[in-house]
Amino acid sequence: MSIVVQGVSKSYGEQKALNNITFEVKTGEIVGFIGPNGAGKSTMMKIITGFIPASSGNVIVNGMAVESDNQEIKKQIGYLPENNPLYPEMYVREYLGFVASIYKTGLPVKQQTDNIIALTGLAPEQNKKIGSLSKGYRQRVGLAQALIHNPAVLILDEATTGLDPNQIVEIRNLIKEAGKEKTVLLSTHIMQEVEAICNRVIIIDKGVIVADEEKSNIYSKIKRHGQVISVEFDKEISDSDLSAIANVSSVKRIRNNTWIIEAEGDEDIRPDLFNFAVKNSLTVLSMNKQESNLEEVFRHLTNG
């Protein structure tokens, strides 16, 4: 096991930020660690990385207890905190060389710096001061410093904040590639990032884990009563005609000839909608059964 969290609690005076948290993350897993603001995500990450101590419980990283092997564990962890602290007066290449020299991996600093600049797409900006970079490129520098020593464990807090859509895809691919041989714990408020990158999801709320599931199973946390279908026809049709279809409970036009139809029961009504179209000389341009998504699960479990 790369990360083992056993009964961890953390209190700040009378306020309990974490309450008896337990989970494990194995090598090769990319786990999304999500929750509302103030749920305890960043506190848990700081405890795993050894920046703050737990009030009780244990954290073991690669077989070493964080409390007793703090410095050794930090060599094995790459950490990108939410606020991404950097030295704005330093040049990109200078800063990454500085970080590489701290870890003392035994590899030439220049080689490490060249490799990480190429890996994170920082070559066009490598001779600029960090303070002059866009927010997206500063985020890349933060990710580069987390990866430069080739850590076994990668802890990422809001890794894609401030990136444009093209950069997000590039960073996603980088994280996915890293996740093939590393342990990755990713915290983000962007549900699409978790759905695109992670293979497991942990949801925390008010310091307590409320879900820990493989991504394919997390949607079962919501039990829908009935079904929701979106359908587009080629011609105008009245809402009342659609409402007359068996088991249809609600019809809502969202644009032109496109409707959202809610139906009772578990029996798929799409064949009935198709037969309705044939009977009324309509062409079905699109028809989709809407499934639960991660945002819906998140809101349900955290009372959002």
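Modeller: Quick term before we start: a residue is buried under 20% relative accessible area, exposed over 50%, and partly exposed in between. Also, this is a predicted model.

Biologist: Got it. Is D268 buried, exposed or partly exposed?

Modeller: D268 has a relative accessible area of 27%, so D268 is partly exposed.

Biologist: And which residue does the D268 side chain meet in a salt bridge?

Modeller: R270, at 2.6 Å from N to O. R270 is partly exposed too, with 30% relative accessibility.

Biologist: How many salt bridges does the structure hold?

Modeller: The structure holds 13. One of them joins E170 and R140, with the closest N and O atoms 2.3 Å apart.

Biologist: What does the pair of E170 and R140 tie together?

Modeller: E170 sits in helix α6 and R140 in helix α5, so the pair links parts that are 30 residues apart in sequence. R140 is buried at 5% relative accessible area, while E170 is partly exposed at 41%.

Biologist: Where do K110 and D114 lie?

Modeller: Both are in helix α4, 4 residues apart, or about one turn of the helix.

Note on methods: Residues numbered from 1 in each chain as written. Predicted model: local features only at pLDDT ≥ 70, side-chain atom pairs only at ≥ 80, totals over all residues. Heavy atoms only, no water. Salt bridge = Lys/Arg side-chain N within 4 Å of Asp/Glu carboxyl O. Helix = DSSP H or I, 4+ residues; strand = E, 2+ residues; numbered from the N terminus. Buried < 20%, exposed > 50% of the residue type's maximum accessible area, 1.4 Å probe, protein only.
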